[in-house]
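This report concerns the sheets and salt bridges of a single protein model. The sequence and structure are shown first.

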Amino acid sequence: MKKTLLALLFFPLTSFGQEFPAKPVRFVVGFGAGGPTDVIARIVAQDLTASMGQAFIVENRPGANAIIATEAVARSTADGYTMLFSSLSLLVNQILPGSKVNYDAFKDFAPVSNAAVLPMVVVTSPETKLNTMQELIARAKAKPGELSYGTSGHAGSTHLAGAMLELFTSTKMINVPFKGNGPALAEVMAGRVTFMFYPAVGIADLVGQKRLKVLAVGTARPWADFPGVPTLEEMGLRGFDATAPWVGLLAPAGTPPAVVARVSAEMRKSLAKPDTLARMKQLGAIVVADSPAEFGAFLKKDHERWAQVIKTSGITAQ
């Protein structure tokens, strides 16, 4: 009897529900290192490592527009030690007609927190001689199928924003997909592609070098980083603030609610720190840091929005 009691006393506390986390936590990212999702995941992971007393490790598993990483986390043990830092692809991959995914964004995941959004700006080269968004739309209407917009890839956030612009303005333009935002922006600066929607990271420097013009910002209100530049909202093109790619954290469905709540609370603390806010601002990101319930409601609205755009535009999986 004494031996049994001693064994119980010295048995690892993790077996009896030691407070989470009792070991390192993995944040799986479905994109390569250096992109917005990866960078934001690393900022949060660094803060949570300091505040929660265990290592939070970012693991990059790129491929198939983040489907590989998403499916892996959906199948993982729902104990809070493997989570997914994801973005718009989580929803779009399962919306696209012809897409084959083995996960359901709502049944297989528990929202933790939407960390931030990355508002986009409409940019063009001085070579195009376009000075305003109104001029761009007028030229697109006058010459259907002549203007082109660069995108980071098929059915990505920049493609969907461009398709949304075509729908809202009753225009027909050419989508020119690239493997990433960088190559697309290079072609816009060279004047070989007319314009693109681009997350605002680094754009101010290129404007200062007179390599780009910003025709409009995709925020609901004027953006201090781009003084004097009108919003699409002001032009009657409402809803483009919702095209801003989001970056958020999700856990496998069935993860204990207490674990989800604690990680969400620690994330919100992290993203409220002045130094973290400054780092996010440098990325061109606007911090959201919401609750699991708020993030879940956002995801449902986002799903509905893009399902309608994809259906109306006839975008399918490739």
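## Basis of the description

The model is predicted; local features need pLDDT of at least 70, side-chain atom pairs count only at pLDDT 80 or more, and totals for chains, interfaces and linings use all residues. Residues are numbered from 1 along each chain as its sequence is written, and side-chain values use heavy atoms, with hydrogens and water left out.

Helices (H or I, at least four residues) and strands (E, at least two) are DSSP runs numbered from the N terminus. Two strands count as paired if DSSP finds at least two bridges between them.

An open sheet of 5 strands runs in the order 7-6-8-5-9, with mixed pairing. Strand 7 (174–177) and strand 9 (213–217) stand at its edges, each with a single partner strand, so one side of each has no neighbour in the sheet. From one strand to the next, the twist averages 30 degrees; axes are lines fitted to C-alpha atoms, for helices over the stretch in contact, and angles run from 0 to 180 degrees between N-to-C directions.

Strand 6 (residues 148–151) pairs with strand 7 in the parallel sense over 4 bridges. Within this pairing, Tyr-149 has Asn-175 of strand 7 as its bridge partner. Helix 7 (residues 181–189) packs on the sheet and touches strand 5 (120–124), strand 6 and strand 8 (195–199), where contact means heavy atoms within 4.5 Å. The direction of helix 7 makes about 140 degrees with that of strand 8.

Strand 1 (residues 25–29) and strand 2 are joined in the parallel sense over 5 bridges, and Arg-26 stands opposite Ile-57 in strand 2.

## Salt bridges within helices

A salt bridge is a side-chain nitrogen of Lys or Arg within 4 Å of a carboxyl oxygen of Asp or Glu; by this rule the count comes to 10. One of them joins Arg-42 and Asp-38 at 2.8 Å, N to O. Both residues lie in helix 2 (residues 36–52), 4 residues apart, about one turn of the helix. Asp-38 is buried at 3% relative accessibility, whereas Arg-42 is partly exposed at 38%; buried means under 20% relative accessible area, exposed over 50%, and partly exposed in between (1.4 Å probe, protein chains only).

Helix 11 (residues 292–313) holds Asp-302 and Arg-305, 3 residues apart, about one turn of the helix. Their salt bridge has its closest N and O atoms 2.5 Å apart. Asp-302 is buried, with 1% relative accessibility, while Arg-305 is partly exposed at 27%.

## Salt bridges between elements

Lys-281 forms a salt bridge with Asp-225, the closest N and O atoms being 3.2 Å apart. Lys-281 belongs to helix 10 (residues 274–282) and Asp-225 to the loop between strand 9 and strand 10 (246–252), so the pair ties together parts that are 56 residues apart in sequence. Lys-281 is exposed at 53% relative accessible area, and Asp-225 is partly exposed at 32%.

Arg-26, Glu-59 and Arg-61 are linked in a network of salt bridges.
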